[in-house]
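Subject: A structure for you to look through

Hello,

Here is the structure I promised to pass on to you. Please open it next to this email and follow along as you read.

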Amino acid sequence: MGTTISIIGAGLGGLVLARVLHVHGIAATVYEADAAADARTQGGQLDIHENDGQVALAAAGLTEQFRAIIHEGGEATRVLRPDGEALFDEPDDGTGGRPEVLRGDLRRILLESLPADTVQWAHKLTSVRPLGNGQHALEFANGTTTVCDLLVGADGAWSRVRSLLSAAVPEYVGTVFIETYLHDVDARHPATARAVGGGAMFALTPGKGISVHREAGDILHTYVQLNRGVEWIDAIDFTDSHSAKVAVAAEFDGWATELTALITGGDTALVPRKIFTLPNDHRWDPTPGVTLVGDAAHLMPPSGDGANLSMFDGAELARAISDHRGNIDAALSVYEQAMFTRSEAVAVQSHETLDLCLGERSPYGMIDLISGVSSGDRLLQ
């Protein structure tokens with residue numbers, strides 16, 4: 001009987017892990033709390049990098065499917081002043097190496113690539129009990145139980161599996177991203193549509209900014225970014241859409257109306273998303289039969305790397321398991337040591353990127369970043 005592998009969480013990292021294992025003839029089961037694949041929206045666009053995300057998709061045998069969901073023109077980038085004047089305007093000429101895709105589309109092609117019943121929906125993990133010899137007993141909220149030889153936490157920022165390995169808890173970095181959408185923008189908000197352009201737009205100043213991606217179907221997906229304490233966030237009633245828009249828009253008094261319309265004209269309720277992080281050097285001692293991928297392992301501020309790193313983690317862990325069949329401890333050792341090194345370097349860079357966007361050098365730090373004067377990745381992935 002082969003090794004029983006249980007993956008907690010059907011995000012990109014967990015699904016890539018399951019898919020690459022399948023490519024190598026190794027079975028795994030993914031347990032997901034959501035009731036179904038379409039139980040909730042999957043976020044916005046991601047730029048998929050040549051050196052990690054695209055490598056992971058190639059290992060999964062999904063390059064062709066990935067190419068079919070690329071948002072053509074999505075790599076265009078603009079940086080604006082608060083008055084709407086363009087400081088930086090780079091069109092998408094097709095030569096960029098980080099094509100944009102919707103997270104939901106990417107997740108769909110991964111789900112479609114897996115054998116039926118690989119993902120067990122409506123399985124919210126409630127408890128884990130080590131049994132010795134690397135085995136763990138899992139209990140789910142629906143009453144089912146299972147035992148596995150390898151447990152992989154792909155369960156995100158607030159991972160339940162992480163506590164088996166580490167006492168680290170995510171900490172708020174002092175920045176909140178407030179999410180909203182505008183639909184049918186070319187017809188209903190033409191000035192705003194022109195200001196954003198065909199790809200990403202960043203209007204940034206020290207301490208605050210508005211960042212947008214144009215998505216297929218004339219949709220603008222906006223993140224309002226503010227360096228604010230938890231008290232400021234908690235003082236706004238985000239269940240009252242009108243008052244929340246008024247409160248957030250007040251932070252941008254005097255900005256061009258085509259920019260503030262991204263807040264006041266939003267077709268969806270404002271959703272505050274506090275940005276949390278684990279320590280840059282988060283790691284753990286080798287522990288038989290359990291490991292982490294993605295945000296569960298290395299939560300960091302958004303800098304364009306989160307989804308890419310998560311998928312690469314999944315692919316690399318699958319490769320290590322395949323290369324060390326029958327020796328899970330060796331596979332975990334190879335995977336974790338490489339993952340710790342690369343994630344720490346990217347975590348440091350992610351904090352630097354956030355500072356370039358909202359720190360004292362904003363917006364010129366961001367312009368240096370995306371124009372190649374400074375190394376790093378684009379925000380909002």
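**What turned up**

Let us begin with proline 363, which lies in the loop between helix H12 (328-358) and helix H13 (364-371). The peptide bond that joins serine 362 to proline 363 is cis, with an omega of about 5 degrees. Before you go further, please keep in mind that this is a predicted model.

**A sheet of three strands**

Next, find the open sheet of 3 strands, whose order is E8-E9-E10 and whose pairing is antiparallel. Strand E8 (125-132) and strand E10 (145-148) are at the edges with a single partner strand each, so one side of each has no neighbour in the sheet. On average, neighbouring strands here are turned by 20 degrees against each other, direction ignored.

Now take the pairs one at a time. E8 and strand E9 (residues 135-140) run antiparallel and are joined by 6 bridges. Across this pair, arginine 129 stands opposite alanine 137 in E9. On the way from E9 to E10 there are 4 bridges, and this pair also runs antiparallel. Here alanine 137 stands opposite valine 147 in E10.

The hairpin of E8 and E9 has 2 residues between the strands, while the hairpin of E9 and E10 has 4 residues between them. In the turn of the E9 and E10 hairpin, glycine 143 has a positive phi of about 95 degrees.

Is asparagine 133 buried or exposed? Its relative accessibility is 84%, so asparagine 133 counts as exposed.

Aspartate 218 is another case: its phi is positive, about 55 degrees, although it is not a glycine. You will find aspartate 218 in the loop between strand E14 (208-215) and strand E15 (219-227). Because its relative accessibility is 29%, aspartate 218 counts as partly exposed.

**A strand with two partners**

Strand E1 (residues 5-8) is covered on both faces. Ile5 and Ile7 on one side, and Ser6 and Ile8 on the other, are all buried. E1 pairs in the parallel sense with strand E11 (residues 150-153) over 4 bridges, and in the parallel sense with strand E2 (residues 29-31) over 3 bridges.

**Two helices side by side**

Now turn to helix H1 (residues 12-23) and helix H11 (residues 306-323), which pack at an angle of about 30 degrees with their axes 7 Å apart. That angle makes H1 roughly parallel to H11, and H1 passes H11 in a right-handed crossing.

Which residues of H1 and H11 meet? From H1 come Leu12, Gly13, Val16, Leu17, Val20 and Leu21. From H11 come Ala307, Ser310, Met311, Gly314, Ala315, Leu317, Ala318 and Ile321. The residues of this contact divide into 11 nonpolar, 3 polar and no charged.

**One last residue**

Finally, look for aspartate 92 in the loop between strand E5 (86-90) and strand E6 (100-102). With a relative accessibility of 25%, aspartate 92 counts as partly exposed. How many residues along the chain lie from aspartate 92 to glycine 199? They are 107 residues apart along the chain, and their C-alpha atoms are separated by 7.9 Å.

Enjoy exploring, and write back with any questions.

Best wishes

Definitions and conventions. Residues numbered from 1 in each chain as written. Predicted model: local features only at pLDDT ≥ 70, side-chain atom pairs only at ≥ 80, totals over all residues. Heavy atoms only, no water. Pairing = 2+ DSSP bridges. Axes fitted to C-alpha atoms, helices over the stretch in contact; angles between N-to-C directions. Buried < 20%, exposed > 50% of the residue type's maximum accessible area, 1.4 Å probe, protein only. Parallel < 35°, antiparallel > 145°, perpendicular 65-115°, else oblique. Left-handed = near helix turned anticlockwise from the far one by under 90°. Contact = heavy atoms within 4.5 Å. Nonpolar A, V, L, I, M, F, W, Y, C, P; charged D, E, K, R; others polar.
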